[in-house]
Amino acid sequence: MRSVSSTKSFHDAAAEALQNPSLRAALDKAGAGFLTTRSRAFASLENARALTDAAQQARTRAVDGMADLLLLFEERARAQGVSVHWAETAEQARETVLALCAGKRRIVKGKSMASEEIELNKALSRTSAEVIETDLGEYIVQLAEEIPSHIIAPAVHKTRAQIDALFRHHHGGKGGESSQNRVRSSQALVEEARRVIRQKFLHAEIGITGANMLIAERGAALLLTNEGNGDLSAVMAQRHIVLAGIERIVANDRDAAAVLRVLARSATGQSLGTYVSLYGGTGDAHKDTHVVLLDNGRSAMHGGAWHDMLRCIRCGACLNHCPVYTKVGGHAYGWVYSGPMGKVLSPLLAEAGTDARLKRRVAALPHASSFCGRCVEVCPVGIPLTSLMRKLRNRHFERPESIGGWKTKLGCLCLRFLFAYPRLYRVFLALALRLLKTAARGKGHVAFLPGLGGWTKTRDFPINRRARSALALCERANRNASHTP
Amino acid sequence: MMPSALDERRHAESRARIIARLRSAEKAEKAKAGKGEAATTSRAKPVLLKPVLPKFVEQTQGRTACFVARAEALSCQFLTGGQAAEKKTAGKMATEKMVKEKVIAKAALGKVLRDFFVARRGKKAAPLLLFDALEKAFWERLGILKILEGRCRPVEMREGVEGRDFATSPFPAFSLQRAVCAVAETGTLVFANRTRAQAVLTFLPTVHIVLLAERDITGSLEQAFARVQPSSSRAALWACHLVSGPSRTADIEQTLHMGAHGPKELVILLYR
């Protein structure tokens with residue numbers, strides 16, 4: 001049912017994405033906006049650095065003391081009449097939510113990446129219940145039977161024309177035959193979605209949302225949205241189910257405020273999301289609230305080499321600034337988490353799961369990076385994404401079968417041999433450069449490199465001044481080496 | 001579905017295993033650090049959080065000005081006491097005057113609100129105005145309900161109200177609600193809702209009218225959080241909501257539109 005390629009490798013999916021003109025158009029349109037709004041939001045502050053430092057500390061405190069804070073959260077939340085459930089795996093989380101939804105037919109959902117992670121909609125759709133995603137982007141993606149391509153803007157890959165067509169198809173032919181060919185304005189589309197989804201809110205029996213944070217001292221779930229859909233989901237239905245990863249915990253209000261200050265600024269350039277809500281209380285007798293704490297591989301990341309990744313606040317800044325993501329879009333990554341944070345998180349979370357195909361598909365993701373380091377620069381909580389990716393690459397290559405075919409293996413062996421003998425390496429390099437120079441004589445480039453087709457498939461390989469100076473350097477080094485005993 | 005999925009014992013076992021994994025990792029890390037090896041994680045140094053706010057927010061007047069400016073930047077509307085004085089004049093004096101106009105005397109609130117409804121009233125019948133049943137006495141004391149008679153149809157929101165109660169009736173167009181406090185730092189209004197009925201006022205109507213006392217404008221987010229502590233409030237809290245402007249979305253081609261699912265307009269009555 002999901003049209004996202006579930007078997008393709010990142011390599012193939014990315015190549016396909018690059019050939020998709022509407023995807024390129026949508027991504028190009030979105031790209032610049034994200035960057036300018038974010039940089040403006042931070043540039044207007046006198047002490048942006050102090051803000052990100054405070055957020056990083058708040059998250060570090062939260063992740064380091066996770067066990068105690070989670071227990072405190074549970075105690076406080078229970079005391080206020082909120083039920084807390086613990087789920088070790090995606091399967092257990094699904095079962096818990098399904099049990100909480102048993103017998104109910106009308107479910108509205110706020111945006112939640114954790115629910116995408118455990119494929120909750122798929123499980124719910126097998127029951128008799130009707131599940132409606134209410135975040136506009138998620139709703140669009142749900143109608144298109146896809147998965148979100150961005151953790152903040154799920155439908156960033158869709159153009160207005162595509163959304164218009166989807167709405168016409170699913171909402172019935174209200175547009176009239178005459179206007180079939182005209183693409184409606186985005187305002188009209190927002191209005192239509194509001195009208196349709198509003199009816200769902202009014203009749204909802206259960207509201208499922210995620211949580212941006214779980215505040216331990218308060219025993220409350222913090223939810224941040226711009227549309228108000230998360231809150232309508234929580235408020236209008238009698239039962240509110242919050243699904244959150246265990247690493248969403250923060251110690252107290254002060255730490256929550258510190259994270260809030262950078263979260264919206266990094267994501268959309270706002271100083272705060274339009275609606276920040278704290279749920280967890282006893283006030284209303286006509287309401288019950290459940291929090292499902294999802295582990296699904298997170299506790300295994302704790303304390304080890306991947307500990308830093310648990311700090312992630314899912315702001316999406318690294319996606320927006322990634323030269324790879326902005327060209328291929330989120331679906332190429334083959335799972336719900338994409339961009340630099342996805343390259344680290346997906347392989348680690350998949351490991352804990354039981355889906356062998358998923359594991360294989362996302363294991364190679366850390367290689368899809370040029371290590372330009374922009375993600376590290378913009379991360380508001382200072383996650384060293386590139387070094388985590390490097391560690392993941394190393395680990396990936398520990399198993400020989402992940403290196404590739406016999407050609408790659410042979411190449412690696414040759415290189416290893418050359419690297420072990422510097423003099424031989426220089427001789428070889430000088431020879432290669434000389435050959436290239438001869439081949440490029442008069443043109444300044446070569447059109448074909450034997451055995452390295454990937455380099456010259458779409459462009460000529462330039463042999464410019466730099467290559468010539470490299471050759472000179474090489475030869476000088478060789479001479480020097482032969483003089484010294 | 002299997003009822004066992006909600007089994008207490010099963011969840012307790014899961015919790016024990018998750019916590020045990022977290023704790024064993026912590027122990028391993030401590031042991032490693034004890035041996036002199038560098039810990040894999042960057043430990044936080046205790047550093048005091050510097051204030052994020054400009055200095056003028058420490059004074060009431062500065063706070064009001066800051067709140068008004070930031071709320072307006074978020075597309076909030078302020079009702080003014082006198083004539084519609086939205087003329088843009090340069091200079092600091094003009095800004096101060098504009099802020100002053102936006103702070104209404106408590107006695108004039110009813111009149112300002114009536115003028116608002118008179119200006120808004122189209123050809124349609126008087127619109128619904130939702131308000132919290134628990135606050136009825138407060139609105140009556142202010143004389144607001146009486147002065148609005150005929151201009152709109154007030155509806156009391158009681159505990160236990162259901163969404164489908166609105167499915168057949170004309171759609172709630174307006175709601176009137178009192179904010180607990182506001183945040184100057186971000187131009188945010190804070191609501192402490194004790195019941196679902198109160199939260200409906202915040203999210204369901206098309207136009208959300210908010211009453212805010214000037215003395216309730218706080219400086220920072222932290223101060224606002226402190227005002228809505230679960231223990232300190234008069235009654236048990238169900239949820240609190242920090243609202244910064246009307247509902248919005250940019251999910252279609254990153255173009256910003258107001259009124260995604262929540263209120264399309266946020267109207268603030270600031271009084272002293």
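In the classification of residues used here, Ala, Val, Leu, Ile, Met, Phe, Trp, Tyr, Cys and Pro count as nonpolar, Asp, Glu, Lys and Arg as charged, and the others, Gly among them, as polar. The model is predicted, and local features therefore need pLDDT of at least 70, side-chain atom pairs count only at pLDDT 80 or more, and totals for chains, interfaces and linings use all residues. Residues are numbered from 1 along each chain as its sequence is written, chains are lettered from A and ligands numbered from 1 in the order in which they are written, and side-chain values use heavy atoms, with hydrogens and water left out.

Chain A has 23 helices and twelve strands, where helices (H or I, at least four residues) and strands (E, at least two) are DSSP runs numbered from the N terminus. Its C-alpha trace spans about 90 × 65 × 50 Å along the principal axes. The accessible surface of chain A, about 20400 Å², belongs to carbon and sulfur atoms for 55%; accessible areas come from the Shrake-Rupley method with a 1.4 Å probe, and for residues only the protein chains shown count as cover. Of the 485 residues in chain A, 56% are buried, a term that means under 20% relative accessible area, with exposed set at over 50% and partly exposed in between (1.4 Å probe, protein chains only). Among contacts (heavy atoms within 4.5 Å) in chain A between residues at least 6 apart in sequence, 73% join residues at least 24 apart.

Two elements of chain A illustrate this burial. Strand β1 (residues 83–87) of chain A has four of its five residues buried and is therefore largely enclosed by the rest of the structure. Strand β1(A) runs parallel to strand β10 (residues 288–294) of chain A, to which five bridges join it, and A:A87 has A:L294 as its bridge partner in β10(A). In helix α11 (residues 229–236) of chain A, eight of the eight residues are buried, so this helix is likewise largely enclosed by the rest of the structure; the buried residues include A:N229, A:D231 and A:M236.

Two strands are taken to pair if DSSP finds at least two bridges between them. Within this sheet, strand β5 (residues 213–215) and strand β6 (residues 220–225) of chain A pair in the antiparallel sense over three bridges, and A:I215 stands opposite A:A220 in β6(A).

Two individual residues were examined further. A:I197 belongs to helix α10 (residues 186–202) of chain A and counts as buried, at 0% relative accessibility. Leaving aside neighbours within four places in sequence, A:I197 is in contact with A:E133, A:T134, A:Y139 and B:H261; A:Y139 lies 58 residues away in sequence and 9.1 Å away in space, C-alpha to C-alpha. In chain B, B:S220 is placed in the loop between β9 and α9 (221–227) and counts as buried, at 11% relative accessibility. The C-alpha atoms of B:S220 and B:V183, which are 37 residues apart in sequence, are 5.8 Å apart.

Grid points are joined across faces, edges and corners, and a volume is the space filled by probe spheres set on the points.

The second largest pocket has a volume of about 1100 Å³, and of its 25 lining residues A:F428, A:P450, A:G451, A:L452 and A:W455 are the closest to its centre. Helix α21(A) gives the most to this lining, with nine residues, and the lining comprises 21 nonpolar, three polar and one charged residues.

Cavities of 30 Å³ or more number seven. The largest cavity holds about 100 Å³ of space, and among its 15 lining residues A:C312, A:C315, A:C318, A:C379 and A:I383 are the closest to its centre; by class, this lining has 13 nonpolar, one polar and one charged residues.

Definitions and conventions
On a 1 Å grid over the protein atoms alone, a cavity is a set of points where a 1.4 Å probe fits but cannot get out, and a pocket is an open set with protein on both sides within 12 Å along at least five of seven lines; lining residues have an atom within 4 Å of a point.
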